[in-house]
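Here are a few quick notes to read alongside the model. Take them in order, with the picture open.

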Amino acid sequence: MILHMLSSYRTNIQNLYKGNTSHIPPRTSQSNPSMLVGSIKYAGFQVGYIAWGFIIQSLVYLLVSVVLAVIISFIKAGIYNWLVDRLMQAWPVLLTAFLINILQQILAKFVFLQENGNALRLNNRRLLFTFTYFLFFYNIFIGLVSCLMRIIKSMVIGAIFISRLDESVLPQRFQSLDPGFNAYVGFMHIEMAHTHPVVIVFLRLLALDVGIRKESKRPSKGSDIELFGTVQKKSKRFMRARNNWQTMYTLLNNPSVRLYRKHHIDYTKTVLNRRTNKTAIGDNLDSIAVEDSEKTMALELSGIKNKTRDINEIKNNNVIKLETVM
C-alpha cells in the first residue's frame, strides 16, 4: 500500500508538471490559504488514516473469516445438500442474465452501431427501440441486483482505500467533502509550485544574471581592484559562453535562421563578387582575343600585299631587260 502511494505521488506530480488535472483538481478548486492548510495537515492526516484503515481492514478480514467458517460448519453439519439445491434452482436465472448481457453487447456492436461499433452512430433504429422496450422490465430486476452489488463494491473499495489520501472514496462532484483528499490536493499543489523543474531553472538563471550584474556594477575600492577585475572577466567569459550556447541551440532548432547570420550574408556576397569578377575577366579575355585575331589578319594581309608588289616589280624589271636586248 505504501509503495503504491509513493508511485501514485510520482505519477500525480508529473501530471501536474505537465498541466494535467484529470485526477488532481486544479488550483481554482481551493483558495491558496486552504491549500497551504491542507499541506500542513497532510502528514498528520496520513498517519491517522493509516491507523483507521488498519483497524477497519482487520475488522473486515475478521468478518469474512467468520462467514467462511459458518459456511464450512454448515457444510460439515449436513446442509451441503440444501446449498446445492438452492444453487440448482438459481442457476437458470444466473445463466439467463449472463446470456442476455452477452447478447446486448453483441447486438450493440454488430447490429445497432455503424461500422461494427467503431463509429458512435445508430443503425437499425426500429429494431433497437423494440429491443429496448422488451428488455425494459427485465433490466428492472437486473438493476435491483446491480444496486446491491454497487453497495457491496462501495463498501469493499472504501475499506481498501480508506487509508489512502490520494484516492477519494467519494464521487468526483463531492470530493470537496473529503477532508483527507483535500489535504492531499493542497500538499500536491504546494509541492508542484515549489519543485517545478522549469520554474526552478528559470529562477536560477534570473538570479545568476542579477548577481553578475550586481558584481559588475560594484565600485572598485583599494584592494578590491583585482577581485573586481577577475569577477568582470569571469562575467564576460560566462556571458560569451552562454550567448554562444544559446546561439547554437537556436540554430539547431531553427535552421532557416542561418540565412540571416552576418557571416552567411558576407559569404554569399563574396561568392557573388567572385562570380561577377570571373564573368568580367572572361569578357576581357574574349575582347583581347578578338583584337589579336584582327591584328594577325591585318598583318597577314599586309604581307600578302608586299609579296604581290615584289612580284610585280620583278616582272617589270624582266620586261625592261628583254626590251633592251632586242
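How far apart do the end C-alpha atoms of residues 87-107 lie, and how much of the span is helix?

1. The answer is 30 Å, and the span is 100% helix with 0% strand. Keep in mind that this is a predicted model.

2. Where does that span come from? An unreviewed UniProt entry lists residues 87-107 as a "transmembrane region", along with residues 49-75 and 127-148. For residues 49-75, the end C-alpha atoms are 39 Å apart, and here too the span is 100% helix and 0% strand.

3. Now zoom out to the whole chain. You'll find 8 helices and 0 strands, so to speak a plain run of α-α-α-α-α-α-α-α along the sequence.

4. How much of the chain is buried? Of its 326 residues, 14% count as buried. The chain exposes about 26400 Å², and carbon and sulfur atoms supply 67% of that area.

5. On contacts: take the ones in the chain with a separation of 6 or more, and 60% of them come from residues 24 or more positions apart.

6. One surface feature deserves a look.

7. Leu 63 sits in helix 2, which covers residues 32-110.

Notes
Residues numbered from 1 in each chain as written. Predicted model: local features only at pLDDT ≥ 70, side-chain atom pairs only at ≥ 80, totals over all residues. Heavy atoms only, no water. UniProt positions renumbered as here; feature names shortened; annotations may be inferred. Helix = DSSP H or I, 4+ residues; strand = E, 2+ residues; numbered from the N terminus. Buried < 20%, exposed > 50% of the residue type's maximum accessible area, 1.4 Å probe, protein only. Contact = heavy atoms within 4.5 Å. Areas by Shrake-Rupley, 256 points an atom, 1.4 Å probe, with all protein chains shown as cover.
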